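Hi,

Here is the structure I promised to pass on.

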Amino acid sequence: MTLEIRPLSDTLGAEVTGLDLTQPLGEADAAAVREAFLDRHLLCFRSEPLSPADFLRIARLFGEPQLQLLRHRRHGEVPEVSMLESTYKRPEDKPDDLALVRLSGWHTDDSYFATPAKATMLQSLALPSSGGETRFCNTRRAYEMLDDSLKARIEGARAVHGYDTPRAPGRAETRTAEEAAETPDVLHPLARTHEDTGRKAIYFNPNRTDRVVGLERAESDALLDGLYSHMTADRFRYDHSWRLGDILLWDNRCLLHSVNTDFPVGEERRHQRVLLKGTKPV
Ligand code: OGA
Ligand code: MN
């Protein structure tokens with residue numbers, strides 16, 4: 001097999017073929033894949049649906065797994081793997097206003113932790129017949145294209161990230177007392193420097209970032225709203241149309257993601273996920 005890496009769009013993403021993920025990666029392949037990950041921020045490996053144990057083995061090729069906060073999503077035998085069910089089981093589960101579905105909100109995983117996951121690995125296990133794309137935007141490129149005055153405003157600024165924020169239209173799932181105790185509000189820089197590339201990206205999680213430290217609410221909202229409309233513009237986007245078994249690995253330090261939650265009621269949409277440990281944002 002020969003390793004091939006092809007861009008999935010102009011702005012981010014690459015498809016990786018010719019790699020045997022059941023074996024440890026050779027040095028040259030590992031280096032090429034790492035370089036593509038740092039350059040494209042998202043890699044797609046085509047696969048069949050895997051057992052949680054096999055999926056975890058593959059995730060370990062790319063980093064150290066981290067447990068997901070919500071206990072009820074952890075797989076019973078392989079707790080590092082979480083099972084994500086996004087199916088609308090009954091008509092009343094799908095609101096007319098899809099913005100109320102939490103997954104349709106732009107976010108980066110885990111930013112309510114002081115040390116968020118650097119990457120997420122997600123595999124599709126069941127897919128609806130239409131819709132359900134996972135959408136990504138490149139906040140490194142969005143940072144680079146900010147005008148100088150906005151860049152200056154977010155330089156050195158910190159923002160409060162919480163488990164939820166009234167700024168997000170959809171509500172987060174309820175936490176148990178144990179989970180709530182593990183997720184007090186934390187502060188992160190608004191412009192984050194990637195530890196492996198030295199490149200800056202906007203680090204703002206619209207589902208979890210509540211406010212900018214030191215600004216009045218109205219001023220903070222205006223700054224965050226401006227960043228939001230800039231960074232989610234089409235020119236920074238790639239929408240992934242899933243094939244069954246696809247494995248995506250993405251960089252949470254410089255991408256946001258959300259879901260096109262317009263898919264039919266009663267059609268299963270299910271994924272398994274592993275989060276990979278990161279470092280404290282600076
Ligand atoms: C996630 C997530 C997107 C999807 O796994 O963190 O947001 O497509 N999933 O289900
Ligand atoms: Mn997510």
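**What I found**

Let's start at a turn: Gly13 has a positive phi near 95 degrees in the hairpin of S1 and S2, where six residues sit between the strands. Before going on, please bear in mind that this is a predicted model, in which local features need pLDDT of at least 70 and side-chain atom pairs count only at pLDDT 80 or more, while totals for chains, interfaces and linings use all residues. Residues are numbered from 1 along each chain as its sequence is written, chains are lettered from A and ligands numbered from 1 in the order in which they are written, and side-chain values use heavy atoms, with hydrogens and water left out.

Strand S1 (residues 4-7) pairs with S2 in the antiparallel sense over four bridges, and Glu4 has Thr17 as its bridge partner in S2. Helices (H or I, at least four residues) and strands (E, at least two) are DSSP runs, numbered from the N terminus; two strands pair if DSSP finds at least two bridges between them.

**The metal**

Which residues hold the manganese ion (ligand 2)? His107 (NE2), Asp109 (OD) and His257 (NE2) coordinate the ion, at 2.1 to 2.2 Å. Donors here are N, O and S atoms within 2.8 Å of the metal (3.2 Å for Na, K and Ca), and water is not among the atoms, so sites may look incomplete. Along the chain, the donors follow the spacing H-x1-D-x147-H. Both His107 and Asp109 are buried, where buried means under 20% relative accessible area, exposed over 50%, and partly exposed in between (1.4 Å probe, protein chains only).

Asp110 has a positive phi near 75 degrees, in a residue other than glycine. Its place is the loop between strand S5 (82-85) and S6, and Asp110 is buried, with a relative accessible area of 4%. His41 is another non-glycine residue with a positive phi, near 70 degrees. You'll find His41 in the loop between H1 and S3, buried at a relative accessible area of 2%.

**The cores and helix H2**

The largest nonpolar core has 23 residues, and those touching the most other members are Leu43, Phe45, Phe62, Met121, Leu249, Val274 and Leu276. A nonpolar core is a set of buried Ala, Val, Leu, Ile, Met, Phe, Trp, Tyr and Cys residues joined through side-chain atoms within 4.5 Å. Two or more residues each come from strand S2 (14-17), helix H1 (27-40), strand S3 (42-45), H2, S6, S14 and S16. Another core, of 20 residues, lies apart from it and includes Ala142, Leu146, Val212 and Met231.

In helix H2 (residues 52-59), the buried residues are Pro52, Phe55, Leu56, Ile58 and Ala59. Seen down the helix axis, they fall within an arc of 160 degrees, so they line one face of H2; the arc is that of the directions from the helix axis to the C-beta atoms. They pack against strand S4 (65-66), strand S6 (119-126), strand S14 (247-251) and strand S16 (270-276). Among the contacts of Met121, not counting residues up to four places away in sequence, are Phe55, Ile58 and Ala59. Contact means heavy atoms within 4.5 Å.

One open sheet of three strands runs in the order S13-S7-S15, with antiparallel pairing. Strand S13 (237-240) and strand S15 (255-259) are its edges, each with a single partner strand, so one side of each is left without a neighbour in the sheet. Strand S7 (residues 134-138) pairs with S15 over five bridges, and Asn138 stands opposite Leu255 in S15.

Another open sheet has three strands in the order S9-S8-S12, also antiparallel. Its edge strands are strand S9 (186-189) and strand S12 (209-212). S8 (residues 158-161) and S12 share three bridges, with Val160 opposite Arg211 in S12.

**One loop residue**

Is Ser129 buried or exposed? Ser129 is exposed, with a relative accessible area of 61%, and lies in the loop between S6 and S7. Leaving aside neighbours within four places in sequence, Ser129 is in contact with Pro264 and Glu267.

Cheers
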